[in-house]
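Subject: Structure handover

Hello,

Here is the structure we spoke about, for your files. My notes on it follow below.

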Amino acid sequence: AEAGVATTLLEAETPGWGASGRNGGQVIAGLKEDPDTVEAQFGPDMGGRMVRLAGGGADLVFDLIARHGIDCAAGRPGWIQPIHDQAALRVAEARVAQWNRRGEALRMFSRAETAEALGAEGYVGAMFDPRGGNLHPLNYALGLAHAAQRNGAVLHGNSRALGIEPDGTGHVIRTAAGRLR
């Protein structure tokens with residue numbers, strides 16, 4: 001919608017319903033798999049694009065919040081992944097090194113730094129990712145919906161897509177209440 005494209009959203013329930021509005025509100029950059037693994041699996045071009053997209057995900061979230069004035073209690077103190085044993089510590093150290101090679105400022109916390117940051121003893125260390133943060137998920141989802149509407153998008157709640165068929169010049173999406181071409 002921001003780019004001037006006619007945009008319509010068919011939402012099965014209402015914007016923010018379900019996990020979109022009820023999750024823990026953590027904003028974490030990256031993927032489950034490490035960057036080197038993604039690039040090895042998908043190749044340097046596609047894998048590299050995937051890593052850059054996922055690595056920049058938190059920046060996108062916080063940029064949208066700022067640009068659209070979304071009131072969602074957003075904070076960006078970073079994200080800490082505590083480490084419980086030496087094997088997990090080695091995995092986290094490799095992950096930090098991979099992101100560092102890509103220009104990201106992740107770093108490891110010592111046992112003492114981890115205890116101070118979390119107020120909990122017992123961890124051997126932690127991975128700190130400054131890209132991360134938190135927000136109120138329902139307010140964020142609703143804020144995105146309002147921003148989309150302000151930019152010309154049309155949103156239809158309670159409009160579950162039941163099927164999609166090509167019609168020669170495009171596609172038709174069928175709902176219980178009608179069709180969208």
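To start with one side chain: does Asp45 count as buried or exposed? In this predicted model, Asp45 counts as exposed, because its relative accessibility is 52% and the class begins over 50%.

Asp45 has a charged partner. Its side chain meets that of Arg49 in a salt bridge, with N to O at 2.9 Å. Both residues belong to helix α3 (residues 44-55), where they sit four residues apart, about one turn of the helix. Arg49 counts as partly exposed, at 39% relative accessibility.

Salt bridges with shared partners also join Asp36, Glu39, Arg101 and Arg102 into one network. Two of its pairs go through Asp36, as set out here.

- Arg101 and Asp36: the side chains form a salt bridge at 2.7 Å, N to O. Arg101 is in helix α5 (residues 86-101) and Asp36 is in helix α2 (residues 35-42), so this pair ties together parts that are 65 residues apart in sequence.
- Arg102 and Asp36: here the closest N and O atoms of the salt bridge are 2.8 Å apart. This pair also links distant parts of the chain, with Arg102 in the loop between α5 and β4 (107-109) and Asp36 in helix α2, 66 residues apart.

As for accessibility, Arg101 is exposed, with a relative accessible area of 57%. Arg102 is partly exposed at 26%, and Asp36 is partly exposed at 32%. The total for the model is 13 salt bridges. As background, side chains of opposite charge can pair when their charged atoms come close.

Which residues make up the largest nonpolar core? There are eleven of them: Val27, Ala29, Ala58, Val61, Phe62, Leu64, Ile65, Ile70, Cys72, Leu135 and Tyr140. Helix α4 (residues 57-68) supplies the largest share of this core, with five residues. Apart from this core lies another, of ten residues, including Val38, Leu89, Val96 and Trp99. In soluble globular proteins, nonpolar side chains tend to be buried together.

Setting aside neighbours within four places in sequence, Ala29 is in contact with Ala54, Gly55, Ala58, Asp129 and Arg131.

Regards

Note on methods: Residues are numbered from 1 along each chain as its sequence is written. This is a predicted model: local features need pLDDT of at least 70, side-chain atom pairs count only at pLDDT 80 or more; totals for chains, interfaces and linings use all residues. Side-chain values use heavy atoms; hydrogens and water are left out. A nonpolar core is a set of buried Ala, Val, Leu, Ile, Met, Phe, Trp, Tyr and Cys residues joined through side-chain atoms within 4.5 Å. Buried means under 20% relative accessible area, exposed over 50%, partly exposed in between (1.4 Å probe, protein chains only). Helices (H or I, at least four residues) and strands (E, at least two) are DSSP runs, numbered from the N terminus. Contact means heavy atoms within 4.5 Å. A salt bridge is a side-chain nitrogen of Lys or Arg within 4 Å of a carboxyl oxygen of Asp or Glu.
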